[in-house]
Amino acid sequence: MIFGIIKERKNPPDRRVVFSPQALLDLKTQFPQVKIKVESSDIRVFSDDEYRNVGFEVTTDMTDCDVLFGVKEVPVDALIPNKTYFFFSHTIKKQPYNRRLLQTILDKNITLIDHETIVDKNNSRLIGFGRYAGIVGTYNAFRAFGIKYDLFNLVKAETLSNREELISRLKRPFLPPIKIVLTGKGKVGMGSKEILDAMKIKEVAVEDFLSKNFSSPVYVQLDVLDYNKRIDGKVLDNHDLYTNPKEYTSDFERFTKVADIFIAGHYYGNDAPYILTREMLHSHQNAIKVVADISCDVKGPVACTLRASTIAEPFYGYLPQEHKEVAYTHPASIMVMAVDNLPCELPKDASEGFGEMFMKHVIPAFFNNDKDGILERAKMTEKGKLTPRFSYLQDYIDGNLVTL
């Protein structure tokens, strides 16, 4: 079996990679029977020479590889027929802009495993860059706060070499006694919490956050039932919310009245209530002035996320009274950070962390007959057809562009 590490071809350029040189060495040591090739790239965070120096072939010809590993979508004209590909395809929610990609994958008889579809038997995701999205997004939240109030000026995260340097920069500013509300307890939310804790910002309970004043910055991390409530007033459990999302409404307004910064690190499921609504933002009681929407569901649960922003231009202003984008310098605006590829700002750390997860959860499945069903569950396409688990995408393939 020949594994191939492919060049990233999507614009804007993405410097991340599934396996660092060290991760490939670990893979080869653990599974010496596999052959590994690396496609030459002038943008990858690890240079061609770094792979060559530890013994791997770097080439422009990947046609003899059996399995090809990438990060972002592969352009349709670069797809090699009859191969197995791993990458983020951004098709599982029927994204209209990638319908042709999935059609081409079927036409070229490609077996596709999307990193998002790699789950355990309980359907929990095993692979992702969420931790680093949380880390960088939280850094950007404080960068935005410093700019908005002309308190301090943090450099862009992409100019820093690693997480430790990022934390070092965050420890320098003197923060007033602000309140920060963080949604989400998954990989993104916990990545954000990692930074808040490293900054020595005190975590407080929900009721204390809502009712007390503090002399130093504090934060609260919310689970789904902290910011959603059943319409009928019953108090049940998380499972009920996931099963019956239409029976719930947002209970987030109580936090908007006291929080200065909102860091959105939640996962937003289909039919779940919107979290931060236009009405909340327009209310004279709203205290939130900076929103770092790491989850970045455009025109979704966070009303001020009108569009995704970019690493080059991460901030824009939201004018609540007119529900429109304005310059973030507008005095009446809420400052929004909604970058949708945050881990790209720490490509080395993100790649190393991703490779560790891949080695732990995915690579063994190639050599143990997939005893835990990791690969089988994750396959979206095989032999020119959608697999049964992903048959719901057939109408999308056939031309129905309604998104889920």
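Helices (H or I, at least four residues) and strands (E, at least two) are DSSP runs, numbered from the N terminus. With that settled, I will start at the loop between strand E1 (2-5) and helix H1 (21-30), which is where Pro12 is found. Asn11 and Pro12 are joined by a cis peptide bond, with omega at about 0°.

A word on the source. This is a predicted model, in which local features need pLDDT of at least 70 and side-chain atom pairs count only at pLDDT 80 or more, while totals for chains, interfaces and linings use all residues. Residues are numbered from 1 along each chain as its sequence is written, and side-chain values use heavy atoms, with hydrogens and water left out.

Back to the backbone. Most residues other than glycine have a negative phi, and most peptide bonds are trans. Two lysines here have positive phi. Lys299 has phi near 55° and lies in the loop between strand E13 (290-293) and strand E14 (315-319). Is Lys299 buried or exposed? Buried means under 20% relative accessible area, exposed over 50%, and partly exposed in between, with a 1.4 Å probe and protein chains only. Lys299 has a relative accessible area of 67%, so it counts as exposed. The other is Lys383, also with phi near 55°, in the loop between strand E17 (381-382) and strand E18 (385-386). Lys383 is exposed because its relative accessibility is 71%.

Pro301 lies in the loop between E13 and E14 as well. At 1% relative accessibility, Pro301 is buried. Contact means heavy atoms within 4.5 Å. Leaving aside neighbours within four places in sequence, Pro301 is in contact with His266, Tyr268, Tyr274, Ile275 and Leu276. Its C-alpha is 8.4 Å from that of Ala272, 29 residues away in sequence.

Next, Tyr318, in strand E14. Tyr318 has a relative accessible area of 0% and is therefore buried. Beyond four places in sequence, its contacts include Arg278, Leu281, Ala303, Cys304, Leu306 and Val336.

Now the cores. A nonpolar core is a set of buried Ala, Val, Leu, Ile, Met, Phe, Trp, Tyr and Cys residues joined through side-chain atoms within 4.5 Å. Which members of the largest nonpolar core touch the most others? They are Phe19, Phe69, Phe86, Ile118, Phe142, Phe358 and Ile363, out of 79 residues. Helix H4 (residues 130-148) gives this core its largest share, nine residues. Not counting residues up to four places away in sequence, Phe19 touches Ile5, Leu24, Leu27, Tyr51, Phe69, Gly355, Phe358, Met359 and Ile363. Another core, of 32 residues, lies apart from it, with Ile275, Val302, Leu306 and Ala338 among its members.

On to the cysteines. A disulfide is a covalent bond between the sulfur atoms of two cysteines. The criterion used is a pair of cysteine sulfur atoms within 2.5 Å. How many disulfides does a search of the whole structure find? It finds zero. Cys344 is in no disulfide either, its nearest cysteine sulfur being that of Cys296, 13 Å away. Cys296 is buried, at 12% relative accessible area, and Cys344 is buried, also at 12%.

Last, a pocket. On a 1 Å grid over the protein atoms alone, a cavity is a set of points where a 1.4 Å probe fits but cannot get out, and a pocket is an open set with protein on both sides within 12 Å along at least five of seven lines; lining residues have an atom within 4 Å of a point. Grid points are joined across faces, edges and corners, and a volume is the space filled by probe spheres set on the points. The second largest pocket holds about 200 Å³ of space. Its lining has 13 residues, and Leu126, His361, Asp372, Ile374 and Arg377 lie nearest its centre. At least two lining residues come from each of helix H12 (347-361) and helix H13 (374-378). By class, the lining has seven charged, four nonpolar and two polar residues. Here Ala, Val, Leu, Ile, Met, Phe, Trp, Tyr, Cys and Pro count as nonpolar, Asp, Glu, Lys and Arg as charged, and the others, Gly among them, as polar.
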